[in-house]
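Please consider the sequence and the structure shown here.

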Amino acid sequence: MQKTKQPKFMKDFLVYLTTIKGKSQRTRKEYEYDLTLFFRFHKAVQEDLDIENLSAIDIGTITIEEIREMTLEDLYLFMEYCEVQRGNSAAARARKVATLKSFFKYLKGKRRLIEENPADELETPKIGRKRPIYMNLQEATQFIDGIKSNQASPRNYCMMMFFLNLGIRVTELCQLNKTSIQGRYLTVIGKGNKERTVYLNDSCMQALADYENSGKTPYKGEGEEPLFVSQKGTRFTRQTVAKIVKRINQQSGLQKERLTPHKLRHTSATMMYKAGADIRSLQHILGHSSVATTQIYTHIEDEQLQQVLENNPFNIVRER
């Protein structure tokens, strides 16, 4: 989607997202994309423009008066367009609903620019909750054994230990600084700039000591020194860490399908739950704002119950 001039109230909203709500730049860009698409589609419908060429439509001239005229039906029409013509999944449409709800709530509640909020009654598409994909202990051991011995191996091993022991997100790992560590505790900055403290177990402490003593690459950037430094002396990006995980997956011979840093987080959470961690503790460790998100890991109970039933002495098929 081409860069387009934005109406002032839209630019103000995007600034509000990051400066006041603490949303990440990534989330801001997603909201910006959704709003741009919505405004272009709405303008195309209102002015009978070519809907197949939305990128050519300028939204910079949209006024707040036009926003005040928008109705719930306009939002429904946009959601239908996203589903039918763009083939958006329920998850993709749910994000657009969240964007519209947040935007109109801002216009009414924070700016008092509109009197009626057309998104108040806009419903979120039902999303089927997927079971998390994870490695079992044997697979995780094989994965770790696949870290090739070279100058980067103490660093890569330490990063993988942090993923598997602490269940941190890849963005959280990339944002870690040397000052994030105080003794055996690690300060993690999660979604919405929410801070949490997690305990470093013996495995993490040993991996960290080996990394610190490995003659790591000096940091060449500006600002605080990252905990993990790339071979170029820079802070890691999510994409680079994902490539390291992919490479270890291949070198180990595990070849786990679509193994990503997020799957390592799932593996950590699943293993902690199996080891007896209660949901509330797991919620804090993982940095979930809602316990409902953490409860996806209770699927382990289902598997364990299934095994109990399979092992029932009366589970005997008799011919009749």
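The paragraphs below take these topics in turn.

The model is predicted. Three strands make up an open sheet, arranged in the order β1-β2-β3 with antiparallel pairing. Strands of a sheet pair through backbone hydrogen bonds, either parallel or antiparallel. The edges of this sheet are formed by β1 (181–182) and β3, each of which pairs on one side only. Between strand β2 (residues 185–189) and β3 there are five bridges, and these two strands run antiparallel. Within this pairing, Leu-186 has Val-198 in β3 as its bridge partner.

Aromatic pairs come next. Over the whole structure, 15 such pairs are found. In one of them, the ring centres of Phe-13 and Tyr-106 lie 5.4 Å apart and the planes stand at 55°, so the pair is classed as tilted. Because Phe-13 belongs to helix α1 (residues 8–19) and Tyr-106 to helix α5 (residues 90–110), this pair ties together parts that are 93 residues apart in sequence. Are these two residues buried or exposed? Phe-13 counts as buried, since its relative accessibility is 0%. Tyr-106 is buried as well, with a relative accessible area of 5%.

A further pair involves two residues already named in the core. The rings of Phe-162 and Phe-228 have centres 5.6 Å apart and planes at 85°, so this pair is edge-to-face. Phe-162 lies in helix α7 (residues 153–166), whereas Phe-228 lies in the loop between α9 (202–212) and α10 (238–251); the pair thus links distant parts of the chain, 66 residues apart. Phe-162 is buried, with a relative accessible area of 0%, and Phe-228 counts as buried at 2% relative accessibility.

One aromatic cluster is formed by Phe-9, Phe-13, Tyr-16, Tyr-31, Phe-38, Phe-39, Phe-41, Phe-78, Tyr-81, Phe-103, Phe-104 and Tyr-106.

How many cavities of 30 Å³ or more does a search of the whole structure find? The search finds two. The largest cavity holds about 60 Å³ of space. Its lining consists of Gln-151, Ala-152, Arg-155, Tyr-211, Ser-214, Lys-216, Thr-217, Val-229 and Gln-231. By class, three residues of this lining are nonpolar, four are polar and two are charged.

The second largest cavity has a volume of about 30 Å³. Phe-38, Phe-41, His-42, Val-45, Asp-74 and Leu-77 line this cavity. Two or more of its lining residues come from each of α2 (25–47) and α4 (72–84). The largest share, four residues, is supplied by α2. The lining of the second largest cavity divides into four nonpolar residues, one polar and one charged. Phe-38 and Phe-41 in this lining are also members of the aromatic cluster.

The largest pocket has a volume of about 2,500 Å³. Its lining comprises 49 residues, and Arg-26, Thr-27, Arg-169, Lys-191 and His-262 are the ones nearest its centre. The elements that each give two or more residues to this lining are α2, α5, α8 (170–175), β3 (195–199), α11 (261–274) and α12 (279–286). By class, the lining of the largest pocket has 12 nonpolar, 21 polar and 16 charged residues.

The second largest pocket has a volume of about 270 Å³. Among the 13 residues that line this pocket, Leu-137, Ala-140, Leu-164, Asn-165 and Met-271 are the closest to its centre. Two or more lining residues come from each of α6 (137–145), α7 and α11. Which classes make up the lining of the second largest pocket? There are eight nonpolar and five polar residues, and no charged residues.

Note on methods
Residues are numbered from 1 along each chain as its sequence is written. This is a predicted model: local features need pLDDT of at least 70, side-chain atom pairs count only at pLDDT 80 or more; totals for chains, interfaces and linings use all residues. Side-chain values use heavy atoms; hydrogens and water are left out. On a 1 Å grid over the protein atoms alone, a cavity is a set of points where a 1.4 Å probe fits but cannot get out, and a pocket is an open set with protein on both sides within 12 Å along at least five of seven lines; lining residues have an atom within 4 Å of a point. Grid points are joined across faces, edges and corners, and a volume is the space filled by probe spheres set on the points. Ala, Val, Leu, Ile, Met, Phe, Trp, Tyr, Cys and Pro count as nonpolar, Asp, Glu, Lys and Arg as charged, and the others, Gly among them, as polar. Rings of Phe, Tyr and Trp (its six-membered ring) pair if their centres lie within 6.5 Å; planes under 30 degrees apart count as stacked, over 60 as edge-to-face and the rest as tilted. Buried means under 20% relative accessible area, exposed over 50%, partly exposed in between (1.4 Å probe, protein chains only). Two strands pair if DSSP finds at least two bridges between them.
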